[in-house]
Amino acid sequence: MPRTGGAAPRPHTGRRRNEAARQAILAAAADLVGRPGAELTVDAIAAAAGVGKQTIYRWWPSKYAILLEAMVERARAVVPVPDTGTLDGDLTAFLEATFAGARERHTASMLRTLMAEAQRDPKAAGVLREFTEARRAALRDVVERGRERGETAPDADLDLLVEQVFGVLWYRIMVGHAALDAASARRLAAALLRQVARLPE
């Protein structure tokens with residue numbers, strides 16, 4: 001029998017995410033993995049975010065899927081893709097922002113924890129692999145634009161350039177022997193630019 005009065009029923013949202021709940025869940029996952037001694041579980045994420053487990057499982061298949069989304073979103077926010085018009089400017093800006101984000105105490109702890117978990121848990125290793133692939137792809141796009149503008153040698157190994165950036169980054173995060181400061185970012189950018197520069201004809 002059709003309804004003849006009262007408020008119209010709310011549209012069914014199905015699997016659509018509530019953005020406030022989504023952000024709370026992502027923040028909870030990132031906080032837990034970066035907190036020494038904390039255990040990353042769906043129960044812990046749900047409790048910290050103030051949502052039910054069924055909400056989490058409606059949107060993500062596992063705790064590692066949540067963590068991957070949280071890390072990728074945070075990286076994009078902290079390190080937006082620069083477009084200064086030159087490879088020098090773009091590479092320097094990317095490295096400075098990347099180093100600044102990684103030297104935040106919580107972020108560094110999160111990355112170290114994930115690296116350690118990846119050595120014993122294949123799912124954590126998968127998250128680490130997907131996260132690093134996404135960051136490498138972002139930097140590869142930056143240096144590819146430089147090649148298209150004619151700022152690098154035609155045969156420059158751009159993949160090696162990208163790997164050197166993240167090699168330095170992860171080495172300093174894991175070993176802690178030197179700072180990830182802005183001066184180091186600028187020196188690294190300058191050294192890499194010399195490697196790939198187009199030689200005078």
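In this predicted model, Leu87, Asp90, Leu91 and Phe94 of helix α5 meet Arg135, Ala138, Leu139, Val142, Val143, Arg145 and Gly146 of helix α7, where contact means heavy atoms within 4.5 Å. Helices here are DSSP runs (H or I, at least four residues), numbered from the N terminus. Local features need pLDDT of at least 70 and side-chain atom pairs count only at pLDDT 80 or more, while totals for chains, interfaces and linings use all residues. Residues are numbered from 1 along each chain as its sequence is written, and side-chain values use heavy atoms, with hydrogens and water left out.

**Helix pairs**

- The axes of α5 (residues 87-102) and α7 (residues 122-148) come within 9 Å and cross at roughly 165 degrees; axes are lines fitted to C-alpha atoms, for helices over the stretch in contact, with angles from 0 to 180 degrees between N-to-C directions.
- That angle makes α5 roughly antiparallel to α7, a label for angles over 145 degrees.
- The α5 and α7 crossing is left-handed, meaning that the near helix is turned anticlockwise from the far one by less than a right angle; clockwise would be right-handed.
- For α8 (residues 158-175) and α9 (residues 182-196), the axes come within 10 Å and cross at roughly 155 degrees, so these two are also roughly antiparallel to each other.
- Leu158, Leu161, Gln164, Val165, Val168 and Arg172 of α8 make the contact with Ser184, Leu188, Leu192, Gln195 and Val196 of α9, and this crossing is right-handed.

**Nonpolar core**

- The largest nonpolar core has 61 residues, of which Ile25, Ile45, Ile56, Leu91 and Leu139 touch the most other members.
- Such a core is a set of buried Ala, Val, Leu, Ile, Met, Phe, Trp, Tyr and Cys residues joined through side-chain atoms within 4.5 Å.
- Beyond four places in sequence, Ile25 is in contact with Ile45, Ala49, Val51, Thr55, Ile56, Trp59, Trp60 and Ile66.

**Two individual residues**

- Ser109, in α6 (residues 105-118), is buried at 16% relative accessible area (buried is under 20%, exposed over 50%, partly exposed in between, with a 1.4 Å probe and protein chains only).
- Val78, in α4 (residues 63-78), counts as partly exposed at 33% relative accessibility, and its contacts beyond four places in sequence are Ala97 and Gly101.

**Confidence**

- The chain averages a pLDDT of 89, and 90% of the residues score at least 70; pLDDT is the predictor's confidence in each residue, from 0 to 100.
- Over residues 1-15, pLDDT stays under 50, and the model has four contacts beyond four places in sequence for them.

How values were computed:
Parallel < 35°, antiparallel > 145°, perpendicular 65-115°, else oblique.
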